[in-house]
Amino acid sequence: MNLEVLNSILFYFFAALALVSALYMVSQRNPTYSAFSFIVTLVSLSVIYALLGSPFIAVLQIVVYAGAIMVLFLFVLMLLNVKAEDRVPESGRLRALVLVLALAFLAQVGTVFARARFTRPDTHFWAATREVAIVLFSEKYVYVFEATSVLILAALVGAIVLARRDDAKKDV
Amino acid sequence: MTTAALVSSSLLLSAGLFTLGVVGVLLRRNVITVFLSIELMLNAVNLAFIGLSRYWGVEDGGLDAQVLVFFVLTVAAAEAAVGLAIVIGLHRHKDTLDVDAFDLLKW
């Protein structure tokens, strides 16, 4: 019982933290602050994944997102020496329009989610690495898995080709 | 906390995060912040997958959602690498990160 209460407190705390840091991220002019705020969002989501019974994805979220992808972002931010947006970024009319559209979208999706009835009985759920791996390496996903490795290779080559300087082409 | 409460709150959180991502893409002028907002939307979808994975359980295909999240993470990593390479290329050509400056393909 006590563990249940602790679980709900942790869930709502990290859900609020994720929302607040995501809000800070989109309202921030300086992209470096946005990136650091997004790391807080990612870590909060990782805790929520663990509370939802998905430890494998929780660890993957930290390692791949907060580790690899965000380091890449910060690396580029420091490489380009990014400053905050200096000009007045958006007109008041555009901002109002975007906020109205966003609220309409949120109301729509929120209504669908709030009206959904989840009637299945409570069962124990713990998607440990072993269970996920058995599904991931089954025949069902063999082609998707191989296609993903090709995709990563293509991304690797593409990133190198796109990011190198033009005068480096002479050496090839 | 019952499974139903857990699942519906994570779906609502996912909707909120996705909306914030949309707002970021539409309002921000810095291409890196726009890119971060796209990543936020990907994360919101992942959260919906994980919540529904919890709902469907191990026997009824909940683990397929976990595999789907795994692939989304992989594609996001590849996308970040290529996207940031494009950002570096754009910055080299235009010397700015303002999305309004990148209008070469505008008709």
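1. A residue counts as buried if 20 or more other C-beta atoms lie within 10 Å of its own, as exposed if 12 or fewer do, and as partly exposed in between, with C-beta atoms placed from the backbone. By that rule A:Ala127 is buried, because 27 other C-beta atoms lie within 10 Å.

2. This is a predicted model: local features need pLDDT of at least 70, side-chain atom pairs count only at pLDDT 80 or more, and totals for chains, interfaces and linings use all residues. Residues are numbered from 1 along each chain as its sequence is written, and chains are lettered from A in the order in which they are written.

3. A:Ala127 sits in the loop between H4 and H5 of chain A (helices are DSSP runs of H or I, at least four residues, numbered from the N terminus). A:Ala127 touches residues of both chains, among them A:Phe56, A:Val132, B:Val58 and B:Leu63. Touching means C-beta atoms, placed from the backbone, within 7 Å. A:Gln28 is 99 residues away along the chain, and its C-alpha atom is 36 Å from that of A:Ala127.

4. The contact between the chains takes 68 residues from chain A and 64 residues from chain B. On the chain A side, the elements giving two or more residues are H1 (2–27), H2 (31–51), H3 (55–80), H4 (92–115), H5 (129–136) and H6 (142–163).

5. The largest nonpolar core has 68 residues. Such a core is a set of buried Ala, Val, Leu, Ile, Met, Phe, Trp, Tyr and Cys residues joined through C-beta atoms within 7 Å. A:Ile48, B:Leu17 and B:Ile32 have the most contacts inside it. A:Ile48 touches A:Phe11, A:Phe14, A:Ala15, B:Ser10 and B:Leu47, not counting residues up to four places away in sequence.

Methods:
Two residues are in contact if their C-beta atoms, placed from the backbone, lie within 7 Å.
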